[in-house]
Structure formats: structure tokens, C-alpha cells
Amino acid sequence: MTTTPITDTITTLAAEARAALDAAADEAALEAWRVGVLGRGGSLTAVLRSLAGLEPETRRAVGAAANRLRDELEAALAARREALGAQALAAQVAAGALDVTLPGRPLRRGGLHPVTQTLRVILDAFTRMGFDTVEGPEVELDEYNFERLRIPADHPARDMWDTFWLSSLGAAPDRSAGSGAAARDRDAGALLLRTHTSPMQVRYMEQHAPPIRIAVPGRCYRYEATDATHEWMLTQVELLVVDEGVSMADLKGTLQEFARQIFGAQTRVLLRNSYFPFVEPGVELAVSCFACPGDDPACVVCRGSGWLEIMGAGMVHPEILAAAGYDAERVTGFAAGMGVERIAMLRHGIDDIRNFYANDLRFLRQF
Ligand code: FA5
């Protein structure tokens, strides 16, 4: 390469930059050097920019030399930074300020949230019983959360599920404008935060033919006051089994086996009558209280009843099977929806559900 004024500039710049780098004695000086040489307004960057005005052949040769120099200087900067770090460490050791024989500080390990842990145990149990896991949307249509589950706008059962309506995305139902088919159609399009995982029963049956055996985990939301056993955000696992010949005995057997796997053989379970518009008959499953002998009226967990309700269940209503296009004379099904926080409370003996989402690390680190 013939010598041109620009190659002279590069040679001078290289020598000066190397000398300045050797003289830089701390991190601040290294950074000032980097900005002054390699930065956007730095001396080498200015040279690279000035190449644009050169003849193409000269530009290629000089450009290659300048790029090589940039790589070299970047490597030199990294080496100098490392050398300075080592020197600083050695100085600290010499001054007795650093004891390299001390054991290292242990790294804090994160852990899974207790509700996530319980959710996994529950899903494992159902996977072993042959259930597939599927998920559905948390933002749901009134149509699926209520209407198609046989809970129309004026049905008193809606009071069981106080709802967060999403007024900015879909219209919240306007009850003042009368009832009837028009009001129902408008309500069906309204958006809400799902109050339970049951809408996935309908969504899944819409897309699949029997036999069905699914577990649906997910967050649900309820506009209700909190207390020791109620949160406004809760996790549920829904079960849906549809096939020929599915009976209440299958429901009972599945839930008993589930309780045995999760709580152990000593836990007593109670199935009692209940009502949900989308099942017939409906039941609820309660588990014996862990916090009191079962007769303490002051007990915050069972209020003296001896039992903590953990799920609702029942035989899928024939009208819902028929609406999915199934022959309700031929196939039957059962469904259940359980509260994961309540099950986590029972597993760990936690007497206040609000602990789970209070974000107190003293609580969370115990799991
Ligand atoms: C339901 O949500 C029905 N979808 C369950 C169902 C599914 C019935 C399929 C029949 C067939 P319920 O509102 O009872 O039902 O809630 C079910 C469970 O969720 C309760 O047993 C309880 O364990 C839990 N749960 C309900 N509300 C709360 C709350 N506010 N905080 C914590 N857990 C709750």
C-alpha cells in the first residue's frame, strides 16, 4: 500500500491511541479513551467516515487497514481492562482488604410459588388418571362464562359469581334496558374476567367429539370481599369427562382417588348436594378441617363445620351435551371445578388464603 496522507493519519492515530491506552489507569480513564477513539465521535471513527471521499481502490486498501486497527484497539481495550482488574484485586489482597480464602457467597435460589407447586401436584395426579391438560382464555365472553352454561342474565345463580366486567373492551351488560332475547344477545357479547374455568367445558366440547377426559387449570377472578378462605383472584382446575356410560360412580371414584393421592388415606372427604345450573345432579366436595378438631366455631378455616369446601362437581347437564351436538341419550359426562389455593391451604396447613398473594417473602421462602 502506497503512503498517502490518510495512511499517515492512521499510523499516527494508532501510535497515539496505544500510548493513551497504556496510560489509562482506571475504569473512568478506559471509558474516556473508548469514547475518544472508538466512540461515535471518536478519532478512529472520524477516519473511517472520511474514507467516503477517496478513490475506490485507495478506499478499499485504507478501509481494510482502518478496520483492522479498530479490531486491534478493541482487543487491546479488553486486555487492558482485564489487566487493571487483576491489579486492583492484587492490591486489595496485599492491603488485607480482601480475604480470598473466604467461601463464596451462596447464590439465592428462586423457588416455585406454593400455589404453582400444588397445581403441578394436582395436574400430575390427573395425568396419571389419563386426563389431558388444556388451557383457555382468562378474558372470556359472557356467552361462555354464563349463557351457554345455562346461566342467563336474569338467573339468580349469577349472584354466585360476582364479576369483573371489562367495560373498555366490551360493553358491560346494561340491565336497565329491559330483558328478553335482545338483551340476552347484547349480554352474550360482553367481555369479563372469567369467574370460573367451566367455560372451557363448552369451548372444548364445541371443538371435540367424545370420548373426552380433560383437566383445565387457570386463573379466575371474582369481584368479592376477601377473607381467610376467599381471594378475588383464584386458581381452579376444571375436569370434564364425556363418554358413553359415564356415571356418578365414575365422578365419585375419580374424586376419591384424587383426594387419596393429594391428602393421603387418612383425610376424610364429604360429598354433599349442591346446585350449579350446568350440572344435574350437582355436588360439592369438602375435606376434613386441618386447623381445628372440627367443632370450633371460632375456627377461621371451617367456622366450626369441620369441613373445607374445595370443589363443585356434578353430571354434565344433558342440555349442554345436546347444545354441543352430542347425542345426550348416548353419551353422559361429569365435570368438576376445584380451588387450587384451598387445596394448597390444606396441604400446608395455611389458615389464611390472603398469604399467597401478599408477596411477603418471609411466607413464600418457606415453600
Ligand atoms: C364453580 O366455580 C363451578 N364452576 C365449579 C363446578 C365445575 C361445578 C364443574 C360443577 C361442575 P364454586 O364457585 O363453588 O364453583 O368454586 C369452585 C371452587 O373454587 C370452590 O370449591 C373453592 O375451592 C374455589 N373458590 C371459589 N371461590 C373462591 C374464592 N373467592 N377464593 C378462593 N377459592 C375459591
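In this predicted model, β8 makes the greatest contribution to the lining of the largest pocket, supplying 8 residues. The volume of this pocket is about 720 Å³. Its lining comprises 39 residues, of which Arg-222, Gln-236, Glu-309, Gly-312 and Arg-342 lie closest to the pocket centre. Two or more lining residues come from each of β5, β7, β8, β9 and α11. By residue class, the lining of the largest pocket consists of 18 nonpolar, 12 polar and 9 charged residues.

The second largest pocket has a volume of about 210 Å³. Its lining is formed by Arg-108, Arg-109, Gly-110, Gly-111, Leu-112, His-113, Pro-114, Leu-361, Leu-364, Arg-365 and Phe-367, and divides into 5 nonpolar, 3 polar and 3 charged residues.

The largest nonpolar core contains 45 residues, and Ile-122, Phe-126, Val-237, Leu-239, Phe-258, Ile-310 and Met-338 have the most contacts within it. At least two core residues are supplied by each of α5 (114-128), β5 (233-244), α9 (248-263), β7 (279-288), β8 (307-316), β9 (331-339), α11 (340-348) and α12 (361-364). When residues up to four places away in sequence are not counted, Phe-258 touches Ile-122, Phe-126, Met-129, Ile-310, Met-311, Met-338 and Ile-343. A separate second core has 26 residues, among them Phe-146, Met-200, Val-242 and Tyr-326.

Helix α2 (residues 27-37) has Leu-30, Trp-33 and Val-37 buried. These residues are on the same side of α2 because they span an arc of only 60 degrees around the axis. The buried residues of α2 are covered by elements including α1 (5-23), α3 (43-50) and α4 (56-94), whereas exposed Ala-28 and Ala-32 are carried on the face turned away from the buried side.

Methods
Residues numbered from 1 in each chain as written. Predicted model: local features only at pLDDT ≥ 70, side-chain atom pairs only at ≥ 80, totals over all residues. Heavy atoms only, no water. Core = buried A, V, L, I, M, F, W, Y, C linked by side-chain atoms within 4.5 Å. Buried < 20%, exposed > 50% of the residue type's maximum accessible area, 1.4 Å probe, protein only. Helix = DSSP H or I, 4+ residues; strand = E, 2+ residues; numbered from the N terminus. Contact = heavy atoms within 4.5 Å. Arc of directions from axis to C-beta. 1 Å grid on protein atoms, 1.4 Å probe; cavity = no way out; pocket = protein on both sides within 12 Å on 5 of 7 lines; lining within 4 Å. Points joined across faces, edges and corners; volume = space filled by probe spheres on them. Nonpolar A, V, L, I, M, F, W, Y, C, P; charged D, E, K, R; others polar.
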